[in-house]
Amino acid sequence: MAKTRDEMLTIPQVIAEIGVARATFYRWRQLRKGPKAIKLPNGAVRIRRSELDRWMLTLEEAA
């Protein structure tokens, strides 16, 4: 079943997918080196699937 909307990932989903420690991911966010995130009104953070994919491509091109 195709998703009609861009999937919103939680930080645990993202760190499990890219295989880094939670502290590393938060350090990248602090340094603005991680994928762009959305902060919801309740304080939760989400990352769009399309943004994670775009960010990963930039890392691949830089390597």
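Which glycine follows α1, and is its phi positive or negative? The residue is glycine 19, and its phi is positive, near 75°. The model is predicted.

**The buried side of α1**
- Helix α1 spans residues 11-18, and its buried residues are Ile11, Val14, Ile15 and Ile18.
- These four cover an arc of only 95° around the axis, which puts them on the same side of α1.
- An α-helix has 3.6 residues a turn, so residues three or four places apart point the same way.

**α1 against α2**
- The axes of α1 and α2 come within 10 Å and cross at roughly 105°.
- That angle makes α1 roughly perpendicular to α2.
- From α1, the contact uses Ile11, Pro12, Val14, Ile15 and Ile18.
- From α2, Arg22, Phe25, Tyr26 and Trp28 take part.
- By class, the contact of α1 with α2 has eight nonpolar residues, one charged residue and no polar ones.

**Glutamate 51**
- The side chain of glutamate 51 reaches the backbone nitrogen of lysine 36 at 2.9 Å.
- Leaving aside residues up to four places away in sequence, glutamate 51 touches Pro35 and Lys36.

Note on methods: Residues are numbered from 1 along each chain as its sequence is written. This is a predicted model: local features need pLDDT of at least 70, side-chain atom pairs count only at pLDDT 80 or more; totals for chains, interfaces and linings use all residues. Side-chain values use heavy atoms; hydrogens and water are left out. Buried means under 20% relative accessible area, exposed over 50%, partly exposed in between (1.4 Å probe, protein chains only). Helices (H or I, at least four residues) and strands (E, at least two) are DSSP runs, numbered from the N terminus. The arc is that of the directions from the helix axis to the C-beta atoms. A polar contact is a pair of N or O atoms within 3.5 Å; within protein, one must be able to donate a hydrogen and the other to accept it, and residues adjacent in sequence count only if both atoms are side-chain atoms. Contact means heavy atoms within 4.5 Å. Axes are lines fitted to C-alpha atoms, for helices over the stretch in contact, and angles run from 0 to 180 degrees between N-to-C directions. Angles under 35 degrees count as roughly parallel, over 145 as roughly antiparallel, 65 to 115 as roughly perpendicular and the rest as oblique. Ala, Val, Leu, Ile, Met, Phe, Trp, Tyr, Cys and Pro count as nonpolar, Asp, Glu, Lys and Arg as charged, and the others, Gly among them, as polar.
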